[in-house]
Amino acid sequence: MRVLLIGANGYVGRFVADRLLADPAVQLTALGRGDDADVRFDLATGSPGALTRFLDAVHPQVVVNCAGATRGGARELTRHNTVAVATVCEALRRSGCGARLVQIGCGAEYGPSQPGSSTAEDAVPRPGGPYGVSKLAATELVLGSGLDAVVLRVFSPAGPGTPAGSPLGRLAEAMRRAMQSGDGELKLGGLGAQRDFVDVRDVARAVHAASLSAAQGVINIGSGRAVRLRDAAAILARVAGYGGALHELDGPPGGHFRPPIGHPRADADHAVPVAYPYPDGCGSWQQADVRTARDRLGWRPRINLEESLADIWMEAACRI
């Protein structure tokens, strides 16, 4: 099976590449902006016609799109998450390869949900920030393209390679600094949010399964269990052997306090106004209903959060 992987150097893309390369039946070609890509191409600026010519030359049976941006202003997010996907869809429509498209979406497309609930694929998306809006627009483009396509809505990926700017990445870095300086207490903000964490290696398994399946539409990929960031911090402290006290710093809505975990970086010595209490736009709670992934892909998460956090800490500890 010839697979074209877009965004192989990204957080999710690296693990998808590893998973696909481990399948002897897969012939993998990587397309991206980096020098180590098999073919250099920038989806945000490249034309559909140029991509079509490449598709006709390689003739992949599956195209997996892991490319995109998680940070930046609305214009940048739209360019990398929406315009780029429009380019992929148009190129596939023009090409004679007839490839299946596996698009990586995200749980932020749903926006906030009712505490205690599980969000299924038929929920009405109401993204609460520009990132979720840009990804939802991409999903709608894929679903309306007429292509053989599936969108995997990945909730909160975790595990090795977790970006330093993500909630768990910033948590691990804060703990590393506390241990390095011998601080007996760790003060953190924004630990009240509850998120559905899924290991990035399980995400890669889902992408592999989706590539081989005939499933179409939207499929949630998550653990099916919301975890409070405060509890994740306690697990990480146990894994790291940090014996200090964890104190939560939360202020009133619209107040001034230290940036919450996951908030864009700022000068740690100065309080900053927090316009969005939940920077990902997902409110205080997110939990995926993952029954569709089980029924249509034969997929279930295998790696628990403690193992994911242990791998995150192992990488953080190497910087001590």
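## Helix packing and nonpolar cores in a predicted model

T29 sits in strand β2 (residues 27–32); strands here are DSSP runs (E, at least two residues) and helices likewise (H or I, at least four), numbered from the N terminus. The structure is a predicted model, in which local features need pLDDT of at least 70 and side-chain atom pairs count only at pLDDT 80 or more, while totals for chains, interfaces and linings use all residues. Residues are numbered from 1 along each chain as its sequence is written, and side-chain values use heavy atoms, with hydrogens and water left out.

Is T29 buried or exposed? T29 is buried, with a relative accessible area of 16%; buried means under 20%, exposed over 50% and partly exposed in between, using a 1.4 Å probe and protein chains only. Setting aside residues up to four places away in sequence, T29 touches V3, L4, L5, D38, F54 and V58, where contact means heavy atoms within 4.5 Å.

Now to the helices. Two packed helices are described by the angle between their axes and the distance between the axes. Axes are lines fitted to C-alpha atoms, for helices over the stretch in contact, and angles run from 0 to 180 degrees between N-to-C directions.

| Helix pair | Axis distance | Angle |
|---|---|---|
| α5 (residues 167–181) and α7 (residues 229–240) | within 11 Å | roughly 45° |
| α7 and α9 (residues 305–317) | 9 Å | about 60° |

α7 and α9 are therefore oblique to each other; angles under 35 degrees count as roughly parallel, over 145 as roughly antiparallel, 65 to 115 as roughly perpendicular and the rest as oblique. The α7 and α9 contact is built from A232, I235, L236, R238, V239 and A240 of α7 with L305, E306, L309, A310 and W313 of α9. Its residues divide into 9 nonpolar, no polar and 2 charged. Ala, Val, Leu, Ile, Met, Phe, Trp, Tyr, Cys and Pro count as nonpolar, Asp, Glu, Lys and Arg as charged, and the others, Gly among them, as polar.

For α5 and α7, P167, L168, L171, A172, M175 and M179 in α5 meet L229, A232, A233, L236, A237 and A240 in α7. This contact divides into 12 nonpolar, no polar and no charged residues.

Finally, the cores. The largest nonpolar core has 34 residues, with V16, V64, L152, I221 and L297 having the most contacts inside it; such a core is a set of buried Ala, Val, Leu, Ile, Met, Phe, Trp, Tyr and Cys residues joined through side-chain atoms within 4.5 Å. Helix α6 (residues 200–212) supplies the largest share of this core, 7 residues. Apart from this core lies another, of 28 residues, among them L43, A91, A149 and V151.
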